[in-house]
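Here is a short report for someone meeting this structure for the first time. Please look at the sequence and the model before reading on.

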Amino acid sequence: IGFMGQIHPTVAKQFKIGATYVFELNLQAIIDMPKQENQYDVISRYPAITRDVAMLVDNDVTNDQIVELIEKRGGAHLQSVKLFDIYDGVKVPKGKKSLAYTLTYQDKHETLVDDAVTQAFEKVEKRLQDDLGAEIR
């Protein structure tokens, strides 16, 4: 639908202007795009609980497979799954990689009990081990 970019510094210098950005949008393409209704979600006033999980998996196991499994088995209060580390260096066995995720749990209606999050998190860990052969670290 368009492009955006910075004017090359030498061109900007010729015209004696600072860092300048330009864009061009195809308005008709934007108008023709399918419309979606705005979706709003209540912001919870109750605190979130996070859990990190690091695992060793085969190189052929994808991030999408892991995230899909976590989202499917994470329980009703799982809000997000974020990959924050990938490592396949010296201390990782050949054919394996180490991935680490942060799971965020939150209830929009009441404060979560730590035990409930721990139970859901342990179920996720077990499914990762059983379904994907992950070694939890």
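## A surface patch

Which residues form a nonpolar patch on the surface? They are Ile1, Met4, Phe23, Leu25 and Met33. Together they have about 600 Å² of accessible area. Such areas come from the Shrake-Rupley method with a 1.4 Å probe, and for residues only the protein chains shown count as cover. Patch residues have over 30% relative accessible area and no salt bridge; nonpolar side chains (Val, Leu, Ile, Met, Phe, Trp, Tyr) are joined within 5 Å, like charges within 9 Å. A salt bridge is a side-chain nitrogen of Lys or Arg within 4 Å of a carboxyl oxygen of Asp or Glu.

Ile1 lies in the segment before β1 (2-6). Ile1 is exposed, at 58% relative accessible area. Exposed means over 50%, buried under 20%, and partly exposed in between (1.4 Å probe, protein chains only).

## About the model

This is a predicted model: local features need pLDDT of at least 70, side-chain atom pairs need 80 or more, and totals for chains, interfaces and linings use all residues. Residues are numbered from 1 along each chain as its sequence is written, and side-chain values use heavy atoms, without hydrogens and water.

## The whole protein

The protein has four helices and six strands. These are DSSP runs, numbered from the N terminus: helices are H or I with at least four residues, strands E with at least two. Along the sequence the pattern is β-α-β-α-β-α-β-β-α-β.

The C-alpha trace spans about 60 × 45 × 30 Å along its principal axes. Of the 137 residues, 27% count as buried. The accessible surface comes to about 10400 Å², and 53% of that belongs to carbon and sulfur atoms.
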